[in-house]
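The structure is shown first, and the account follows.

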Amino acid sequence: MTNDLTTLFQEIMRDVYSRKPPKIIWEESPHALIVNMSIDQRGQTGEELVQRVLEGKGCKVDYNRHGLDKDKDWDIMVNNIPIEIKMATIGKAGRTFQHESLEKNAKFEALILIDIAPHDFYVSFYDYVEIPWEKMHRRKNSIFYKFDLSLKNLVENNRKIETTEEFFAKYKAMEKKTLVRLAAKKDKTEL
């Protein structure tokens, strides 16, 4: 046995790791860097992905990447729709994605969930009224909801996206529903 604690610890780590290696391997995957980012950096990465795709497709996008406005209840404004964006990486077991800190009373009108696996992107677009709040749970003594999505569900619901064209088409379908709902809501308030 070695006297050096670091060498001993490395030996033990390799031994324990080899007994039950993780199901999800990020090393050398195209998205590997994401697991080394802080939670805030991951969120900013998702927000900037949405910004760049939608601006590239001609949408009017208002995004403050520095997040200086702490009073706003949304991450990005696209074609006058306030949108909340959440990004998650697949869990170690390779079955679920966990989106934290969704606030039901926040003033966003649409939700985009970006789920990252080592080799795949899954994106879910929701008009606010489509968000399944009843399937979420809240942390104890918290107003925030946690939205878990299974890989199986994402695959079954055709949420895998490979191109900016696919992303944009699915975004536009959500945007259309949201704009129709907001127009109807506006008409009701003007009566």
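Predicted model: local features only at pLDDT ≥ 70, side-chain atom pairs only at ≥ 80, totals over all residues.

A residue is called buried here when its relative accessible area is under 20%, exposed when that value is over 50%, and partly exposed in between.

| Salt bridge | Closest N and O atoms |
|---|---|
| Lysine 177 and glutamate 130 | 2.8 Å |
| Glutamate 162 and lysine 160 | 3.5 Å |

Because lysine 177 lies in helix 4 and glutamate 130 in the loop between strand 6 and strand 7 (137-138), their pair ties together parts that are 47 residues apart in sequence. Lysine 177 is partly exposed at 41%, as is glutamate 130 at 32%. Glutamate 162 is exposed, with a relative accessibility of 61%, whereas lysine 160 is partly exposed at 31%. Salt bridges also link Glu109, Asp127 and Arg181 in a network.

The largest nonpolar core has 47 residues, of which Leu54, Ile83, Phe108, Ile112 and Tyr171 touch the most other members. Strand 5 gives this core its largest share, six residues. Phenylalanine 108 has contacts that include Trp74, Ile83, Leu102, Tyr128 and Trp133.

Strand 5 and strand 6 pair in the antiparallel sense over seven bridges and form a hairpin with four residues between them; leucine 113 has serine 124, in strand 6, as its bridge partner. Six of the seven residues of strand 6 are buried.

Methods
Residues numbered from 1 in each chain as written. Heavy atoms only, no water. Core = buried A, V, L, I, M, F, W, Y, C linked by side-chain atoms within 4.5 Å. Buried < 20%, exposed > 50% of the residue type's maximum accessible area, 1.4 Å probe, protein only. Helix = DSSP H or I, 4+ residues; strand = E, 2+ residues; numbered from the N terminus. Contact = heavy atoms within 4.5 Å. Pairing = 2+ DSSP bridges. Salt bridge = Lys/Arg side-chain N within 4 Å of Asp/Glu carboxyl O. Lists of a residue's contacts leave out its neighbours within four places in sequence.
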